[in-house]
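Let's take a walk through this structure together, one region at a time. Have the sequence and the 3D view open beside you as you read.

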Amino acid sequence: MTTVENEKPQYKYIGADRKRVEDPRLLVGRGGYIADLKLPGLLHAAILRSPVPHATIRSIDATEALKLPGVVAVVTGEDCKAHMNPCMNFGPSSIPQFPLAVDKVRYVGEAVAAVIAESRYIAEDAVELLEVEFDDLPAVTNPVAAMEPGAALLHEGHGSNIGYERTFEFGEVAEAFSGADLVVEDTLHWGRSAGMPMETSGAVARPGLNGVLEIFCNSLNFSYFSFLIAGALKLPSNRLTMNPVPAGGSFGSKFTAHKVPTLAGFLALRTGRPVSYVEDRLDHLMNSDHHASDRYYDAKMGFTSEGIITGLDVDVVDDYGAYMQFGVGTHGNAFSQIVGPYGFRNVKYHLRAVLTNKCQQGAYRGFGSEVHNWVLERLIDKAAAELGLAPEEIRRRNFIQNDQFPYKIPGGNVYDSGNYPAVLDKALGMIDLEHWRKEQKRLREEEGRYIGIGLATTQERSVFSATEFWALNDNPDFPLTSSPESATVTIDPTGQFQLLLHCQSMWGNSPETVGTTVLAEEFGIEPETVNVSYADTARALPGTGPGGSRYTVMLAGAVRGASRKLQRKLVDIAAHTLEVAPEDLELVDARVQVTGAPEKSLSLAELASTAYFFALNMPPGMESGLEESFTYDHPYTTLPAADRSDLGVFYPIMGHACHIAVMEVDPDTGRTSFLDYVAVHDAGTMVNPKSLGGHVTGGAAQGLGSTLYEELAYDDEGQFKSSTFLDYLVPTANEVPPFRLGHVETPSPFTEYGIKGGGEGGRMVTPSVVSAAIDDALREYGMRVRELPVKPADIVATVQASIARG
Amino acid sequence: MTSTENKYDTDTRTVTLRVNGREVTREVPTRLTLADFLRDDLDLVSVHLGCEHGVCGCCTVLLDGGSVRSCLMLAVQAVGHEVETVESLSADQNNLHPIQEAFAEEQGLQCGFCTPAMVLRTKEILADGQERSDDEVRDEISGILCRCTGYQNIINAVQNAGRKLRCGASGGCGTAGDEAKGA
């Protein structure tokens, strides 16, 4: 499929910048976040966390803690073992996890005991009075060493520190390399960072009426898995109601975030009282739900003398930390775009997911595909330098062409649509590359300044399908294939609209703005007149929640589906009243009219009052009322082959981006700064360019963080070294440059309106661009970014070593 | 046990201060932070706690017009001072202050968690009525972390708010500021 910009329908609201529906309440400080929730008799929990990386728990003495006035209870892993099942887990069942460590601790920061008290102050006082005896065990912090015979074993029941190992091969990889004119190889390390929202994870649980446990929490997709939390708590699923509470940022960190609500629920059940547990920043940094990818690569790529890629061979060791709650899902994401935007057909991928004494891994914006993209772009840049090709030229030569869509990649995923040359051309058009290349030379010669230009592209897979969870596993315990989203639209008796969403509320992706925009488009009403609310799990229809850049696409599909059902009913009522055939009617600007004859029409308010109050005026047999729900299932997903030679279609909605950065690097101090930065994205049909731009910019800022500043560091003994925001460096306004944005639209043929997801793209490409720009600036010193984050000291060390070598 | 009682200070004091234009008096533990006092005793939940160690700035409030991190101050230290939270600008979603309106127009927020702090900091920055370059604004908001926006739309919001405050709600005098001086 080629670009269909000219064929795109004209929309009134979709595609226009609109102020966000969500903003007014946030601007007056009434966001309703989890810590704002106060219930009568609420107790507060604080957690004692392990100070050691690996140890058996010999004893926990709570005598002194329990004497402190205001302390209600102390709960430990022994209680968990006695009264609950292991937490929800998509990884190997031989690696169970409880919200409080059972028998032994496996990383610094793992929860050991919870104190419940009348205030958080008292609970924290009491944590200090707990006496815990640990019998230290050897810790293993290097994932390669963790695979050696004799390495300290994390999970005796699993029997090995390798959580997953498999080699996938697609195409003819050996031939691709034997026939290549050039093979570039690299050893790369993507360091550990995390989504690190400003609001931590939290939950409030209370035993409610009729034996129902209510949990309020800011986890994002609990409507998908609340029954699993119920299972952990040994409750029938209909005795647990989870209530959505808006999240103050997530970026993957609250995607599942299951341990916090599970723990809060458990503490409420043990005490019989409402309990709040909201992580403090130390809790979140060292434990939270998870950290993100921490991968070591030996990678090589083959090329022809013209710079055409012949094949890719990747050997990746992924440091998963102590548990594997999500299996190897972040590699599934890499597989969904394993060739990037390039047309090569031969890929080998050897994956080892290794257990070490660190916090477990999970989602962070990009979900592992940003790492793979960085590896691809690193190799291509290395080849371009060796072949004497400009970075834009080698990419252009390898792009999948416009007439090849829909395009099935090695591995089985399908790319729906795209126009990669158009995105590249737009980015090049926004930045004067020739000027900067001249300026680079001039500044080096005349002023001794070091300027570098980085250019990179990325795929941005979106709209994840549940088959991703098990595409990499032969025998998944729960081979789910659904990842739907639902909406309920009600037109009240006066013609006013209610929109009920069946997932968590997450203001960052503007769900209310998206939903009301689609309703406005469908009915010709003003979007600001729509009221939006959220279902709890006792009322919720199937939903999966935001994640994998899916929510805008899925919500638009669900709202449009419900709208169509309502439109049919409105037209049928109007046809009956106006005594015309339904096919002679159309819905225009909130009225149903005889086609082309607006004078013969009925308003939504007139039709609504009929539907509610005048049954005898309706077509015989029609139900009263105007409420319709629609569950929109994944628009295109297929099963993997039994032998996994084809992983199936699981991420077919494929965005694309090209960024170009001009940076200055000081070789004496390692200081980096930006002189210009352009970012062009294709997320299909844009619903709201302004909010999409916000996503791109925010994501790019996070990518800069992962590239230059953010590091969840452990020392060799497994001690955690990033336990404050003075150690874990989130970029401030001074580190983030203005990004000049551009958009290209290649509507998806598979989704309603042609929308693609755009939540992750910013972070998918900045690491590649910034790495390339730093290399380019210090090329004469042999600079080559192989490890993230790249810190000033690393840059200075490379320069000094080069000077010493002469 | 006496050692427990000795270890944890349960002292209280009576504090009187002005918050959002009204005098308030409460008896509070001496160790209570100003942030917790505002959130828990006065229900001013716009004061958000992001790190509680003075780096993220989400708990920023104005103390006698200057921004402070309320997680690093004790309530007893605010005695006799004037505290402003974002509720002081407008707590009415349908009647926003020009600074709040500017943030909405520029989409200077996404999840909204740092937003009250950013809005208050903007009020402080703009109090002198002077125009600033984007780089100056960038520097002046750099004490508050935002994880969603990448900051550019916040900078745009501060500039928009500055125009509104200098030139009236429409912000019609543009960036030059000449009309404002004339008006």
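In which loop of chain A does A:Glu579 lie? A:Glu579 lies in the loop between helix H17 (551-578) and strand E22 (585-588) of chain A; helices (H or I, at least four residues) and strands (E, at least two) are DSSP runs, numbered from the N terminus. What you are looking at is a predicted model, in which local features need pLDDT of at least 70, side-chain atom pairs count only at pLDDT 80 or more, and totals for chains, interfaces and linings use all residues. Residues are numbered from 1 along each chain as its sequence is written, chains are lettered from A and ligands numbered from 1 in the order in which they are written, and side-chain values use heavy atoms, with hydrogens and water left out.

Let's stay with the backbone for a moment. Most residues other than glycine have a negative phi, and most peptide bonds are trans. A:Glu579 is not a glycine, yet its phi is positive, at about 55°. With a relative accessibility of 71%, A:Glu579 counts as exposed (exposed means over 50% relative accessible area, buried under 20%, and partly exposed in between, with a 1.4 Å probe and protein chains only). In chain B, B:Asp43 also has a positive phi, near 60°. B:Asp43 sits in the loop between helix H2 (34-41) and strand E3 (60-63) of chain B, and its relative accessibility of 41% makes it partly exposed.

Two cis peptide bonds deserve a visit too. One joins A:Phe405 and A:Pro406, with omega at about -10°, and A:Pro406 is placed in the loop between helix H12 (391-398) and strand E16 (407-408) of chain A. Another runs from A:Leu788 to A:Pro789, with omega near -5°. You will find A:Pro789 in the loop between strand E29 (787-788) and helix H21 (792-805) of chain A.

Now step inside chain A. A:Ala268, in helix H8 (residues 259-271), is buried, with a relative accessible area of 0%. Leaving aside neighbours within four places in sequence, A:Ala268 is in contact (heavy atoms within 4.5 Å) with residues including A:Ala205, A:Pro207 and A:Leu213. The C-alpha atoms of A:Ala268 and A:Val204 are 8.7 Å apart, although 64 residues separate them along the chain.

A:Thr458, in strand E18 (residues 451-462) of chain A, is likewise buried, with a relative accessible area of 0%. Its side chain and that of A:Asn373 are joined by a polar contact of 3.2 Å. Such a contact is a pair of N or O atoms within 3.5 Å; within protein, one must be able to donate a hydrogen and the other to accept it, and residues adjacent in sequence count only if both atoms are side-chain atoms.

What about the aromatic rings? A pair of aromatic rings is described by the distance of the centres and the angle of the planes. Over all chains, a search of the whole structure finds 29 aromatic pairs; rings of Phe, Tyr and Trp (its six-membered ring) pair if their centres lie within 6.5 Å, and planes under 30 degrees apart count as stacked, over 60 as edge-to-face and the rest as tilted. The rings of A:Phe168 and A:Phe170 are stacked, because their centres are 6.5 Å apart and their planes are at 20°. A:Phe326 and A:Phe367 form an edge-to-face pair, because their ring centres are 5.8 Å apart and their planes are at 90°. This pair links distant parts of the chain, 41 residues apart, and both A:Phe326 and A:Phe367 are buried. Ring pairs also link them into a cluster whose members include A:Phe90, A:Phe255 and A:Tyr651.

Finally, turn to where the chains meet. The contact takes 58 residues from chain A and 56 residues from chain B. The area buried between them is about 4,800 Å², with carbon and sulfur atoms giving 57%; buried area is the accessible area (1.4 Å probe) that two parts lose on being put together, summed over both. A:Leu27, A:Tyr121 and A:Met198 supply 17% of the area that chain A buries against chain B, more than any other three residues. Seven salt bridges are counted between the chains, each a side-chain nitrogen of Lys or Arg within 4 Å of a carboxyl oxygen of Asp or Glu. In one of them, the side chains of A:Asp36 and B:Arg39 meet at 2.8 Å, N to O.
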